[in-house]
Amino acid sequence: MKHIRNWIPSKVRAFRRDQDGSMIVFSLFIFAMMLIVGGMAVDIMRFETYRARLQSTLDRAVLAAADLDVCLDNAQNAEDVVRDYVLKNGFQNQLDTVTVVEGFNSCSVSAVASIEVNTIFMQMVGVDQLSTPAASAAVEALNEIEISLVLDVSGSMGSNNRLVNMRNAAREFVATMFNGFDDDALSISVVPYSTHVNLGPELASQFNLNYAHDYSHCVDLPASAYNSTALPPGAGYDQAAHVDVESYASGWSRRGASDFVCNPDSRSRVVPLSRNESAVDSMISNLRSDAWTSIEMGAKWGVSLLDPSTQPAVSGLIADGIVDAQFEGRPLAYGTDGSLKVMVLMTDGENTRHYELDPAYRSGWSDVWYDGSDNYYVEDEEYSDTDRDGRSREDYYMPDNDRWTNSRRGDRLTWPELWAQVNLDAHAWYFRANQRNSNSVYNDWYGDIFTTTYTDAKDARLDAICSAAKAQGIVIFAIGFEVTNRAADVMSSCASSPSHFYRVQGLEIATAFASIASQITALRLVQ
């Protein structure tokens with residue numbers, strides 16, 4: 001029994017010794033695996049270091065090469081910049097391809113490389129090298145944007161605080177645009193409109209106008225002009241007459257002209273292609289309301305200042321110091337890479353009417369003399385050999401005291417000089433009809449010497465110019481400010497889409513302009 005008792009512990013001790021040996025083997029195996037995994041990590045870290053250096057080199061290389069001053073000067077220069085960066089960082093053998101693509105005002109540079117790093121530890125598991133491609137691309141573009149801000153300043157804007165609300169909203173829009181774009185990239189034209197659009201003397205002088213006066217600077221465009229975005233400065237256009245059709249005479253003291261077809265107020269002139277935020281802001285701040293509504297005229301001039309056909313006019317304005325030299329070559333050609341053309345068209349009502357004076361009464365000498373002291377002398381029309389009282393006809397009629405005379409004093413007036421002093425109604429009645437006491441004579445001199453274009457025709461012209469603009473890729477945002485349902489339909493049809501039309505009341509106009517500013521910025525990012 002004693003032998004058995006001694007034998008059992010000895011066997012247990014032997015078993016324990018055998019188990020210790022197995023653990024040693026197992027521990028050595030684990031340690032070897034840890035060395036291998038650690039070694040693999042070292043290999044991977046080495047590889048990632050080289051790959052990151054290569055990628056960083058490519059990134060910096062293409063960014064430098066895409067600089068417009070480098071790329072647009074010579075595409076080969078851009079490729080050389082990439083290869084030089086790679087060479088100086090020791091990766092010349094890793095560079096595979098360099099691609100340079102030049103646009104009108106953009107440059108795209110891309111590079112592809114590959115890297116292979118010999119392993120140290122991973123060879124133990126049969127991996128001798130780690131390899132991967134690296135690629136980088138950079139694009140630099142001018143992101144040029146041209147905006148026409150077309151604002152209703154008709155008489156109705158003077159009520160219900162509309163003009164104040166519009167001015168504040170438009171000024172905030174302008175500030176947002178200038179904050180969001182470089183001055184060199186952004187141009188804003190402001191086009192106020194009422195019965196007509198007053199171009200101002202500088203812009204008007206760039207067009208081939210049949211000038212009759214220098215009181216104001218509006219243009220009577222033919223209906224066909226609204227079928228196209230183009231308005232070539234070299235074509236001939238008629239200057240709108242400086243005439244007051246709206247004032248009606250009730251007594252000789254009411255003869256004066258004041259409500260002119262073309263508003264002569266300098267605060268209502270077009271501001272073309274400006275990058276001067278303070279000048280644009282000041283102009284909008286000083287807008288005044290007056291006369292009827294011609295949305296189609298505002299839209300036509302807004303579109304024309306986005307159309308490349310007016311490049312000669314812009315060049316002329318640059319030469320005159322009116323437009324910054326940075327905008328030479330604008331308006332850009334349609335489809336120019338990185339460019340965006342936008343018209344923001346705002347109104348508070350419907351198209352109403354405008355007037356065009358008969359060409360015979362736009363220029364040249366009238367048959368009226370003026371002595372400077374309210375005495376006018378109207379040469380007799382020779383309706384008959386006797387005046388209205390049956391007396392022998394004398395040579396001149398004096399409307400100021402309703403009598404005839406054979407002598408006259410003062411200077412002969414041109415038609416524009418006469419219209420600048422006397423409204424059309426007073427002229428037709430006191431200068432003409434009173435001579436013969438005849439309503440038919442009044443009609444001859446009032447209703448028959450000008451043409452009126454009314455709402456339906458004006459709406460058709462608006463539809464035509466909006467369609468032409470959208471066909472050229474111009475983005476149109478439209479704002480109906482406290483408008484009727486009919487006006488809302490017209491403006492919605494003009495806009496690029498229903499979502500581009502805003503129908504607002506009161507202070508909501510600020511929200512509309514802010515939303516448009518946000519959308520313009522978003523559009524810029526996808527160009």
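Buried means under 20% relative accessible area. Keep that cut-off in mind as you explore these close-ups of a predicted model.

**Figure 1. Two disulfides turn up in a search of the whole structure.** A disulfide is a covalent bond between the sulfur atoms of two cysteines. One of the pairs found here is Cys218 with Cys262, and another is Cys466 with Cys494.

**Figure 2. Cys218 and Cys262 are joined by a disulfide.** Look for the two sulfur atoms, which sit 1.9 Å apart. This pair links distant parts of the chain, 44 residues apart. Cys218 belongs to the loop between strand E6 (208–210) and strand E7 (219–220), while Cys262 is found in the loop between strand E8 (236–239) and strand E9 (271–274). The torsion about the S-S bond of Cys218 and Cys262 is about 75°, so this disulfide is right-handed.

**Figure 3. How buried are Cys218 and Cys262?** Cys262 has a relative accessibility of 0%, so Cys262 counts as buried. Cys218 is buried too, with a relative accessible area of 0%.

**Figure 4. A disulfide connects Cys466 with Cys494.** Here the S to S distance is 2.0 Å. Cys466 lies in helix H12 (residues 455–471) and Cys494 in helix H13 (residues 485–494), so the bond ties together parts that are 28 residues apart in sequence. With a torsion of about -70° around the S-S bond, the disulfide of Cys466 and Cys494 is left-handed.

**Figure 5. Are Cys466 and Cys494 buried or exposed?** Cys466 has a relative accessible area of 1%, so Cys466 is buried. Cys494, at 2%, is buried as well.

How values were computed:
Residues numbered from 1 in each chain as written. Predicted model: local features only at pLDDT ≥ 70, side-chain atom pairs only at ≥ 80, totals over all residues. Heavy atoms only, no water. Disulfide = S-S within 2.5 Å. Helix = DSSP H or I, 4+ residues; strand = E, 2+ residues; numbered from the N terminus. Buried < 20%, exposed > 50% of the residue type's maximum accessible area, 1.4 Å probe, protein only.
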